[in-house]
Amino acid sequence: MELNSLTEAIGSEGGGRIQLIEGEIRNKSEERARRKKNAENYDDAAAKLSLSVYSDADSFVENKAVLPKLREEIRSAHEKLERHYNEIFADKRKSEEELAECRAEIDSLRGRMTNIDARSVALRRTLAENLSIDENVLPFAGELIEVRRDEARWEGAAERLLRSFALSMLVPERLYKDVSEWVDGQELKGRLVYFRVNEDPSAAQRIAARSLAGKLVLKEDSPFFRWLRREIASRFDYICCENVDEFRREQKAVTVNGQIKSNGKRHEKDDRYKINDRSRYVLGWDNAGKIELLKQRAEAIENEVERKNSEINKINAERRSLEERA
């Protein structure tokens, strides 16, 4: 009873005002804390944008005036970064595709001894499986031809000159009907050249000692040996010229650098690939050198992919920084 009376007396003598003041103090303290937090946020944002922290109204106005230009700079930097990212990402995808092809080629080569590319071998395997025959009865010409070891300096020129013929499949007469029907009914998703091979009793023409044909050796235990010897003798009797003067004098010639002359008129030199790029070689029945070169190439591509991944990570970090600045 006395406590209630005392409380009423305090209120009537200004105690209510004290309570109001205490409430205002709390509100002001909360407002002060809010403004302090805003000021800290402002200074933090200004520092990240390399602007001056708050010191007075003038510095605030100066910072505000800079913002439109800064916003445009950030937008421009972001667009440039996105273009760079797209370029690097596209390059990386291309490198990854090259790496996958390289590894597939290595895996294919490890399963055989020849140098024919994996796509051609896969196509022949599909054909053989569909016809229920052994794929070895349908060799590619390049699997039966090799440059003589003592003529290795002419290997690049031979690869260029014989490439198309080397990638041609040889079809024995007994399988010609089935193969031609199967090929005609398929969407091959690529190119296939094949020869109908029948027994021709005619003898091969004489091979000139200086001709490219004379620098080749054929697989003698192949049933296609005689036919192939005749084709090589007639198709590739190009004179191997040591210099351009000699090359100009011959009607049908080839240089060690891969320039080819046919019928005394037509000249060709295809340098889209290096003449000694063994990864493109298709002749012969020993592919150890090609496998080793492709392994080295795969390692180089792996390093390139890793470098591009690092660059993409760097771009992503710059992206996050720009987003924070924005």
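Which residues of helix H6 (residues 225–235) are buried? In this predicted model, the buried residues of that helix are Phe 225, Trp 227, Leu 228, Arg 230, Glu 231, Ile 232 and Ala 233. The cover over these buried residues of H6 includes strand S1 (145–147), helix H4 (155–166), strand S2 (169–172), strand S3 (194–197) and strand S4 (216–218). The report begins with the chain as a whole and then returns to this helix and its surroundings.

## The overall form

The protein has 326 residues, and a compact globule of that length would have a radius of gyration near 20 Å, whereas the value for this protein is 40 Å. Along the principal axes, the C-alpha trace spans about 140 × 55 × 35 Å. The secondary structure is made up of eight helices and eight strands, and 36% of the 326 residues count as buried.

When contacts between residues at least 6 apart in sequence are considered, 67% of them join residues that are at least 24 apart.

Glu 231 is found in helix H6, and it counts as buried because its relative accessible area of 18% falls under the 20% limit. Apart from neighbours within four places in sequence, Glu 231 is in contact with Phe 165 and Phe 236.

Ile 145 lies in strand S1, one of the elements that cover the buried residues of H6. With a relative accessible area of 0%, Ile 145 is buried. What does Ile 145 contact, leaving aside its neighbours within four places in sequence? The residues in contact with Ile 145 are Leu 162, Phe 165, Leu 216, Val 217, Leu 218, Leu 228, Ile 232, Leu 283, Gly 284 and Trp 285. Leu 228 and Ile 232, both in that list of contacts, are also among the buried residues of helix H6. Phe 165 is in contact with Ile 145, and Phe 165 is likewise in contact with Glu 231.

## Cysteines

A search of the whole structure finds zero disulfides. Cys 241 is accordingly in no disulfide, and the nearest cysteine sulfur, which belongs to Cys 240, is 7.5 Å away. Cys 241 is buried, with a relative accessible area of 1%, and Cys 102 is also buried, with a relative accessible area of 6%.

Most residues other than glycine have a negative phi. The position of Lys 189 is in the loop between helix H5 (173–184) and S3, and the residue is exposed, with a relative accessible area of 68%.

Asn 263 has a positive phi of about 55 degrees, although it is not a glycine either. Asn 263 is placed in the loop between strand S7 (260–262) and strand S8 (266–268), where the residue is exposed, with a relative accessible area of 64%.

## Pairs along the chain and in space

| Pair | Separation along the chain | C-alpha to C-alpha distance |
|---|---|---|
| Ile 145 and Gln 205 | 60 residues | 18 Å |
| Asp 221 and Leu 144 | 77 residues | 9.4 Å |
| Gln 19 and Arg 307 | 288 residues | 69 Å |

Gln 19 lies in helix H1 (residues 2–48). Is Gln 19 buried or exposed? At 58% relative accessibility, Gln 19 counts as exposed, because a residue is taken as exposed when that value is over 50%.

Methods
Residues numbered from 1 in each chain as written. Predicted model: local features only at pLDDT ≥ 70, side-chain atom pairs only at ≥ 80, totals over all residues. Heavy atoms only, no water. Helix = DSSP H or I, 4+ residues; strand = E, 2+ residues; numbered from the N terminus. Rg over C-alpha atoms; globule rule 2.2 N^0.38 Å. Buried < 20%, exposed > 50% of the residue type's maximum accessible area, 1.4 Å probe, protein only. Contact = heavy atoms within 4.5 Å. Disulfide = S-S within 2.5 Å.
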